Amino acid sequence: MVRVSDDSVAVASARGVRLGLPLAIAAALSFGMSGAWARGLIDAGWTPGAAVTARIWVAALVLLIPTILSLRGRWGLLRRNAGMILAYGLLAVTATQLFYFQAVAVMDVGLALLIEYTAPVAVLLWLWARRGERPSRKSAIGAAIAFVGLVLMLDILTGADVDVAGILWALGAMVGAATYFVLSARVDTGLPPLALAGSGLLIGALGLTAAGAIGVLPIAWTTDDIAYRFGSVPWFVPVLAIGVVATALAYLLGIASTRMLGSRLASFVALAEVVAALLFGWLLLGQLPDLLQGLGGVLVLVGVIVVKLGEPVAPEFVEPVPTPGNVYGKPVEKD
């Protein structure tokens with residue numbers, strides 16, 4: 001590790017933020033469109049299992065070559081981390097996306113994603129129960145705010161009809177997303193982030209295909225045109241949009257922006273995915289939450305932000321950015 005001057009660190013960090021923020025926002029927009037495109041497929045006769053299998057296969061194939069290149073021949077990394085990759089592929093990737101698609105089949109896209117985005121609260125509770133890492137006061141307050149927002153968002157207090165199955169599926173996606181955060185935070189594996197994402201997607205695609213082949217996961221699709229608010233499109237348009245843009249491209253943009261911004265800032269920017277999901281839910285499907293649900297959604301986002309603000313700040317390294325004092329792009333230590 002090469003330590004450079006404070007001025008070089010400041011310049012590298014500023015350039016990293018300037019380059020990383022647009023990429024992080026683009027990643028959030030890309031991820032956020034998946035639910036709305038998938039709902040159109042499901043309404044046309046696709047099962048959630050078929051939609052998520054198509055999504056992950058397309059993304060896995062798109063990222064196959066970049067994944068191989070990122071390993072640089074270090075195949076032993078895959079063998080040493082086989083258990084983690086398997087868990088990542090089946091839980092962090094497959095279960096999360098499948099449960100989310102199951103949820104959006106019966107409830108609004110934005111609400112399903114808001115429930116999934118309570119994952120940081122689940123991570124907080126997991127670390128407390130598993131490692132004894134007691135949450136800070138700020139994190140506890142954030143968790144309470146998010147819980148109140150969740151109650152309002154689900155219209156529990158007004159006695160409105162609630163789709164219990166949809167809520168349970170969304171909560172399952174939340175557990176999968178929490179698994180994603182826990183596994184992605186490990187820094188002792190030696191796996192490049194792109195290699196973890198690509199191999200996890202491939203494992204997930206194979207697992208879903210096997211589950212569909214033996215009849216455990218219902219798989220059905222149609223080649224009819226898919227109807228959206230703006231009109232109908234051929235079936236392959238939403239499939240490619242979900243697989244290429246909302247998964248493969250989103251992962252690439254997310255990885256690049258996280259390396260430039262650091263995981264803490266990137267995780268805040270990623271909350272824009274919820275806004276994107278609401279936007280695409282309205283543009284493609286005409287879905288909008290009512291006033292009480294909107295207030296609950298705002299409280300969920302505020303609660304998650306407060307939880308993240310209460311997390312301990314771990315030392316991070318910013319992505320090397322060539323500067324006059326760091327012309328070879330050597331790693332710059334961030335104090």
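Asn81 sits in the loop between helix H5 (76–80) and helix H6 (82–104), helices being DSSP runs of H or I of at least four residues, numbered from the N terminus. The model is predicted, so local features need pLDDT of at least 70 and side-chain atom pairs count only at pLDDT 80 or more, while totals for chains, interfaces and linings use all residues. Residues are numbered from 1 along each chain as its sequence is written, and side-chain values use heavy atoms, without hydrogens and water.

Asn81 counts as buried because its relative accessibility is 9% (buried is under 20% relative accessible area, exposed over 50%, partly exposed in between, with a 1.4 Å probe and protein chains only). A polar atom of the Asn81 side chain lies 2.8 Å from the backbone oxygen of Leu77. Leaving aside residues up to four places away in sequence, Asn81 touches Thr189 and Leu191, where contact means heavy atoms within 4.5 Å.

Charge pairing comes next. Side chains of opposite charge can pair when their charged atoms come close. The whole structure holds one salt bridge, defined as a side-chain nitrogen of Lys or Arg within 4 Å of a carboxyl oxygen of Asp or Glu. Asp43 forms this salt bridge with Arg39, with the closest N and O atoms 3.0 Å apart. Both residues belong to helix H2 (residues 34–43), four residues apart, or about one turn of the helix. Asp43 counts as exposed because its relative accessibility is 53%, whereas Arg39, at 15%, counts as buried.

Conventions:
Helix = DSSP H or I, 4+ residues; strand = E, 2+ residues; numbered from the N terminus. Polar contact = N/O pair within 3.5 Å; in protein donor to acceptor, adjacent residues only side chain to side chain.
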